[in-house]
Amino acid sequence: MLTSRRSFFAICGAIVLPGVSLGELIRTPWQGEGPFYPDRIPEDTDNDLVKNGQSTIEAGGKILNIMGSLVNRDSKPIKGMTAEIWQTDMNGVYLHTGSFGSKMRDVQFQGFGRSITDRNGHFYFRTIIPVEYPGRTPHIHLKLWNERENVLTTQLYIQGHSMNKEDFLFKRMTLAEQNINSMELLPAKTNDSIEYITSVRLVVFS
Ligand SMILES: [Fe+2]
C-alpha cells in the first residue's frame with residue numbers, strides 16, 4: 001500500500017526536516033551495495049514496506065517512518081530522483097534467495113521499496129527499525145537513481161547503536177559521515193501504538 005505524504009503528516013503532525021546548514025555541506029558517503037540487493041524485484045515496490053501487496057496484515061517489527069530530503073551541494077532540493085531502500089525483516093532475513101534464514105522470512109514485510117523525490121526533494125518510507133544480523137550492526141541499504149544512473153549507494157544506521165563501533169562498514173566512515181548516515185529515532189504516538197520517526201538528509205554533488 002502506498003504511503004502518501006498526507007498520511008505521514010497525519011501520523012507526525014508538524015514535521016521538521018533538517019534545514020539548510022551553514023557552511024560546507026558534507027557529501028553523503030558511498031557505501032557498499034552488499035550481496036543482498038533483491039535478486040527478484042517484488043511486485044509491490046511502493047514506499048510502505050510494512051504492508052506487502054494486498055495483505056492487510058502488517059509486518060512484524062517496530063515501525064519507522066523515514067522523512068527524507070535530497071539536496072545538492074548548494075542545499076537546493078533535487079526533485080524526480082528515485083530512492084530505493086532494502087533491508088532485512090525483523091528476523092534478519094533479506095528478500096533474496098541467498099539470504100540466511102530464508103525459511104524464517106516474514107512474508108508480510110516487503111523488504112524493498114521506492115520513493116520518488118518531490119519538488120522539495122522530499123521522499124518518504126514507512127518501514128521497520130532495522131535489526132542486527134550476524135556480522136553487521138543494524139542498517140538500511142539505500143540507492144538513488146537519476147533515470148538509470150545510480151548516483152548514490154549508501155547505508156543508514158541507528159544513531160548511538162552499541163554495535164556501530166565494531167561494524168566494519170560503519171568504521172570506514174569519518175566521524176562526520178557517521179553522523180549524517182545515522183538516524184535519530186524519535187517515538188511518536190499514533191492511535192494505539194508507538195511508531196518511530198527519523199529525518200534523513202542525503203547530499204549528492206552531481
Ligand atoms: Fe546489509
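1. Start with the charges. The chain holds seven salt bridges. A salt bridge here means a side-chain nitrogen of Lys or Arg within 4 Å of a carboxyl oxygen of Asp or Glu. This is a predicted model, so local features need pLDDT of at least 70 and side-chain atom pairs count only at pLDDT 80 or more, while totals for chains, interfaces and linings use all residues. Residues are numbered from 1 along each chain as its sequence is written, and side-chain values use heavy atoms, with hydrogens and water left out.

2. Look at arginine 126. Its salt bridge with aspartate 48 has its closest N and O atoms 3.3 Å apart. Arginine 126 sits in strand 4, and aspartate 48 in the loop between helix 1 (5–12) and strand 1, 78 residues apart. Helices (H or I, at least four residues) and strands (E, at least two) are DSSP runs, numbered from the N terminus. Buried or exposed? Arginine 126 counts as buried, at 9% relative accessibility. Aspartate 48 counts as buried too, at 2%. Buried means under 20% relative accessible area, exposed over 50%, and partly exposed in between (1.4 Å probe, protein chains only).

3. Arginine 126 also forms a salt bridge with glutamate 195, again with the closest N and O atoms 3.3 Å apart. Glutamate 195 lies in strand 9 and arginine 126 in strand 4, so this pair ties together parts that are 69 residues apart in sequence. Glutamate 195 is buried, at 6% relative accessibility. Shared partners join Asp48, Lys51, Glu58, Arg126 and Glu195 into one salt-bridge network.

4. Another pair is glutamate 84 with arginine 114, whose closest N and O atoms are 2.9 Å apart. Glutamate 84 is in strand 2 and arginine 114 in strand 3, 30 residues apart. Glutamate 84 is buried, at 3% relative accessibility. Arginine 114 is partly exposed, with a relative accessible area of 31%.

5. Now the metal. Which residues coordinate the iron ion? They are Tyr94 (OH), Tyr133 (OH), His139 (NE2) and His141 (NE2), at 1.9 to 2.3 Å. Donors are N, O and S atoms within 2.8 Å of the metal (3.2 Å for Na, K and Ca); water is not among the atoms, so sites may look incomplete. The donor residues follow the spacing Y-x38-Y-x5-H-x1-H. Tyrosine 94 is in the loop between strand 2 (82–86) and strand 3 (112–116), while histidine 141 is in strand 5 (residues 139–146), 47 residues apart. Both are buried: tyrosine 94 at 1% relative accessibility, histidine 141 at 3%.

6. Why is the iron arrangement irregular? The four donor atoms subtend angles of 91 to 173 degrees, which makes it so. Four donors count as tetrahedral if all angles lie between 85 and 135 degrees; four count as square planar and six as octahedral if opposite donors are over 155 degrees apart and all others between 65 and 115; anything else is irregular.

7. Next, the nonpolar interior. A nonpolar core is a set of buried Ala, Val, Leu, Ile, Met, Phe, Trp, Tyr and Cys residues joined through side-chain atoms within 4.5 Å. The largest has 27 residues, of which Leu142, Leu144 and Leu202 touch the most other members. Elements giving it two or more residues include strand 1 (63–71), strand 4 (122–128) and strand 9 (194–203). Apart from it lies another core of seven residues, among them Phe36, Trp86, Phe112 and Tyr133.

8. Last, the whole chain. There are two helices and nine strands. Their order along the sequence is α-β-β-β-β-β-β-α-β-β-β. Buried residues make up 50% of the 206 residues.
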